[in-house]
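You asked for a colleague's note to accompany a first look at this entry.

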Amino acid sequence: MEDVVIIGGGITGCSIARELSRYDIKITLVEKEEDVACGTSKGNSAVVHAGFDASPGTWKAKLNVAGNKLYPALCEELDVPFVLNGSLVVAVSEEEERVLEELLEKGRLNGVNNLRIIGKDELQAMEPNLSSKARAALDAPTGGLVCPYEFTIALAENANQNGVKFWLNAMVTDIEKLEDSGFLVKTSRGSLRAKYVINAAGLFADELSKIAGAEEYTITPRKGEYLVFDKQFSGLVKKTIFPTPSKISKGILVCPTVDGNIFIGPNSNNIQDKLDTSVKAPGIKEIIEGGKKLVPNLPFKNVITSFAGLRAVSNTNDFIIEASKQVKGFVNVGGIQSPGLTSAPAIAQMVKGILQDEGLILKEKPTFNPHRPMKKRFRELNNEEREQLIKQNPAYGHIICRCETVTEAEIIDAIRRPVGARSIDAVKRRTRAGMGRCQGGFCSPRVLEILARELGADKLDITKKGPGSNLLLGRIKEFLQVEGGDNNDN
Ligand SMILES: Cc1cc2nc3c(=O)[nH]c(=O)nc-3n(C[C@H](O)[C@H](O)[C@H](O)COP(=O)(O)OP(=O)(O)OC[C@H]3O[C@@H](n4cnc5c(N)ncnc54)[C@H](O)[C@@H]3O)c2cc1C
């Protein structure tokens, strides 16, 4: 019997898992995909929002501001890069300047510190590549950047280190309330008994709440598409540049990443299919127009990739974080759309409080270690440090991903860590191998070989992103034998 089963290994589920791992209770997190951070938590703007957007009084507003304050210390504990670059909402017309005043007031009501409106000259000095039409901006110095999947993975690693079990490739298919007490959570990997169930299933939270017999609500997927530019344009903008927001979104931004790329996006379109993360021509056109409005000289010949993410928009248009009144012990953490990434650390604390109110006794574990194993990022070291490292472990001298300077030792580490990588994309999210200009064209076969060797698996069984995405389909030797040809090669 687990004390708590958490459904969903996104930023929400992993933050809750890590927060609860401080206490002496049994926890299992179940995730339908082969890794954590495979849902919305891998496809978003990666902005730690300051908190001036959401309407005062909403959970989105309160948890955004609370979460923003928790980020710097948490990232330090978990050894995750965090950049306090600040953000600007840029007005290009008189009407938009009035919107800045509204945002400033909302920000004040939400408790955001140090907000101010700046004029054209200061703005152009801060960001010289901005459109000459930019007239004023809301300056929010507490806005920051984080890598959303690296942060989610770090939370999962640390939770696992502190005793949380992770069931991956485990899709929850049914949640049965047991007569005596607790739940039977049925998954594609087997069943678990639990006293409490936390529903952090992102886009599918509405369906799981219904399955459990708890409160009904709806989640609509709202797609946002992006284009990412080559790192050589790092510095084109330093702050996160927002347009003035629309009724349903913060608009198309031009934004740096913690890793030195620049991206534009997202647009904002409601769709039907909760799995559709395709990027299409009309979407690209829309984000190009939006990006050019803020920064006209975007280097469109140097786009290296595109991606899309789906916001989980609830019918209440706010986060739904509450213990079910209908099914005791079931806690909904649904509708976690933007600013869910920013809010996640505060959501985790709120969920802890809900569980306590529901009767879960939390006794601190003296063995809790807030630090995950340190990561060596070879590309960030100077030559002396690199030499030292290679002497200790020659696998640091073997570069696997040339675009991002990722070594064999880092890939091995990503596989051997808690909640280790089991696919090419899982290695990519942990090391950046395959995230550069060639997008894995050169390093994917090398990563596949290392995965097979480390896991003692057949190369044919190594996948890009879990079951059904195998990269190799058969051996030439077998093919040639069938064809009756030369069979020297395998
Ligand atoms: C375009 C876009 C831009 C955004 N930008 C920002 C931003 O800049 N800043 C910010 O703060 N927020 C941003 N957000 C919001 C943020 O990304 C989300 O709020 C956050 O990632 C939600 O995390 P989650 O864990 O709730 O959901 P997810 O990451 O989707 O995780 C849910 C998990 O549950 C799993 N699951 C689902 N069903 C089952 C099942 N039956 N059994 C087992 N597992 C299941 C899924 O596989 C998934 O891994 C953005 C979102 C989008 C789409």
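Among contacts in the chain between residues at least 6 apart in sequence, what percentage join residues at least 24 apart?

1. The figure is 70%, counted over those contacts between residues at least 6 apart in sequence. Please keep in mind throughout that this is a predicted model.

2. On overall form, the chain has 13 helices and 22 strands. Its radius of gyration is 23 Å, close to the 23 Å given by the globule rule for 490 residues, so the chain is as compact as a globular protein of that length. The C-alpha trace spans about 75 × 60 × 45 Å along the principal axes, and 48% of the 490 residues count as buried.

3. On domains, the chain is divided into domain 1, which is made of 81-144 + 220-307, and domain 2, which is made of 378-477. The C-alpha centres of domain 1 and domain 2 lie 32 Å apart.

4. On the ligand, 40 residues surround it, and the closest are Gly-10, Gly-39, Gly-202, Gly-224 and Gly-340. Two or more residues of this shell come from each of helix H1 (11-20), strand S18 (303-314) and helix H8 (340-357). By residue class, the shell divides into 18 nonpolar, 18 polar and 4 charged residues.

5. Strand S14 (residues 240-243) deserves a separate look. In a regular strand, side chains alternate between the two faces of the sheet. From S14, Thr-240 and Phe-242 point one way while Ile-241 and Pro-243 point the other way, and all are buried. Strand S5 (residues 87-91) pairs with S14 in the parallel sense over 4 bridges, and within this pairing Ile-241 of S14 is the bridge partner of Leu-88.

6. Elsewhere, an open sheet of 3 strands has the order S3-S8-S4, and its pairing is antiparallel. Which strands stand at its edges? They are S3 (47-48) and S4 (82-83), and each has a single partner strand, so one side of each is left without a neighbour in the sheet. Strand S8 (residues 144-146) is joined to S4 by 2 bridges, with the two strands running antiparallel, and here Val-83 stands opposite Leu-145 in S8.

Conventions: Residues are numbered from 1 along each chain as its sequence is written. This is a predicted model: local features need pLDDT of at least 70, side-chain atom pairs count only at pLDDT 80 or more; totals for chains, interfaces and linings use all residues. A residue is near a molecule or strand if its C-beta atom, placed from the backbone, lies within 6 Å of it. Ala, Val, Leu, Ile, Met, Phe, Trp, Tyr, Cys and Pro count as nonpolar, Asp, Glu, Lys and Arg as charged, and the others, Gly among them, as polar. Domain bounds come from an automatic or database domain assignment. The radius of gyration is taken over C-alpha atoms; the globule rule is 2.2 Å times the number of residues to the power 0.38. A residue is buried if 20 or more other C-beta atoms lie within 10 Å of its own, exposed if 12 or fewer, and partly exposed in between; C-beta atoms are placed from the backbone. Two residues are in contact if their C-beta atoms, placed from the backbone, lie within 7 Å. Two strands pair if DSSP finds at least two bridges between them.
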